[in-house]
Amino acid sequence: SSDLVGFCLAWLAAHVFGAERGGSVRPDPVEAQAVSSSASARVADAKTSFAKGQAALQRGDLDGAEAAFRKVLAADPQAAAAYSNLGVIAMRREEWDHALSLLQKAEKLEPGMPGIRLNVGLVKYRRGDYPGAVAPLASVVRDQPNSFQARYLLGLCYVFTLHYAEAVSVLEPLWGQASDNFMYLYVLGIAAHNAGKKELDERALARLLDVGGDNAQFRLILGKAYLNREEPEKAIVELQRAASMNPDLPFLHFGLGIAYMRTNDNERAEAEF
């Protein structure tokens, strides 16, 4: 139902397992095709500036990195890697619109570079444009099937857009890498349950019970998993355990409200809401 779907999407969007802040791109910013000493000097200056920008970015000096990559572009306006890394800087500042503009410039110059498309997908994900993130992330998975981050983000986007069968096909191959992480198991369980993949749904829940600990965060996730499976009585038990450990967890009381609604205990549901 819409109340549970909205609950799941809002909570998942705030808890992304495996989604990083964006990775820099390393190719040389200019080709060494100088035909004069001045052109050769510009090439050398651009390469030096690019290296300085990379070093600054790695140590978290965003202002220094930005200045260096701007120098690269002054020498070579077609330097896709410089645009891409400026996009990464904007991502780390959470300037999502600016980041997308820079990354799209880089993508236009270097459409075959998966790292740029991965960051485009990540920015669209962080902006909440889950349908728009699917195409760039799917292209990365196609070109780099072993990219964990691209697969995981694509699977989340499919779940958020209610394409559960597609989510299963993307997420299930990550089992060998991620089946010790209860966030992954929770997302996979949502996809499997809604796609009618009963065996996988049961396997994900069983593994979730195995790897979880007795802490509030895990009890919250387990309670939501039971809500997804339409087992509100079990959900109430787990969510009450979470509340006894940490009553201030985001979405905890909303989840309890939904669970009480499902058991027709509207007075308690209202109190939780």
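Trainee: Is E202 buried, partly exposed or exposed?
Mentor: In this predicted model, E202 is partly exposed, with a relative accessible area of 35%.

Trainee: And which side chain does E202 meet in a salt bridge?
Mentor: The partner is R229, and the two side chains come together at 3.2 Å, N to O. This pair links distant parts of the chain, since R229 sits in the loop between helix 13 and helix 14 while E202 belongs to helix 12, 27 residues away.

Trainee: How accessible is R229, then?
Mentor: R229 has 15% relative accessibility and therefore counts as buried, the cut-off being under 20%.

Trainee: Which residues are linked with R229 in a network of salt bridges?
Mentor: The network joins R229 and E202 with D201, E231 and K234.

Trainee: What about R203, which residue does it form a salt bridge with?
Mentor: R203 forms one with E199, where the closest N and O atoms are 3.3 Å apart. The two residues are four apart in helix 12 (residues 198–211), so about one helical turn separates them. R203 is partly exposed at 28%, whereas E199 counts as exposed at 55% relative accessibility.

Trainee: Switching to helix 14, which of its residues are buried?
Mentor: The buried residues of helix 14 are P232, A235, I236, E238, L239, A242 and A243, and they pack against helix 13 (216–228) and helix 15 (252–262).

Trainee: How many salt bridges does the structure hold?
Mentor: There are 18 salt bridges, and one of them joins R93 to E66, with the closest N and O atoms 2.9 Å apart.

Key
Residues are numbered from 1 along each chain as its sequence is written. This is a predicted model: local features need pLDDT of at least 70, side-chain atom pairs count only at pLDDT 80 or more; totals for chains, interfaces and linings use all residues. Side-chain values use heavy atoms; hydrogens and water are left out. Buried means under 20% relative accessible area, exposed over 50%, partly exposed in between (1.4 Å probe, protein chains only). Contact means heavy atoms within 4.5 Å. A salt bridge is a side-chain nitrogen of Lys or Arg within 4 Å of a carboxyl oxygen of Asp or Glu.
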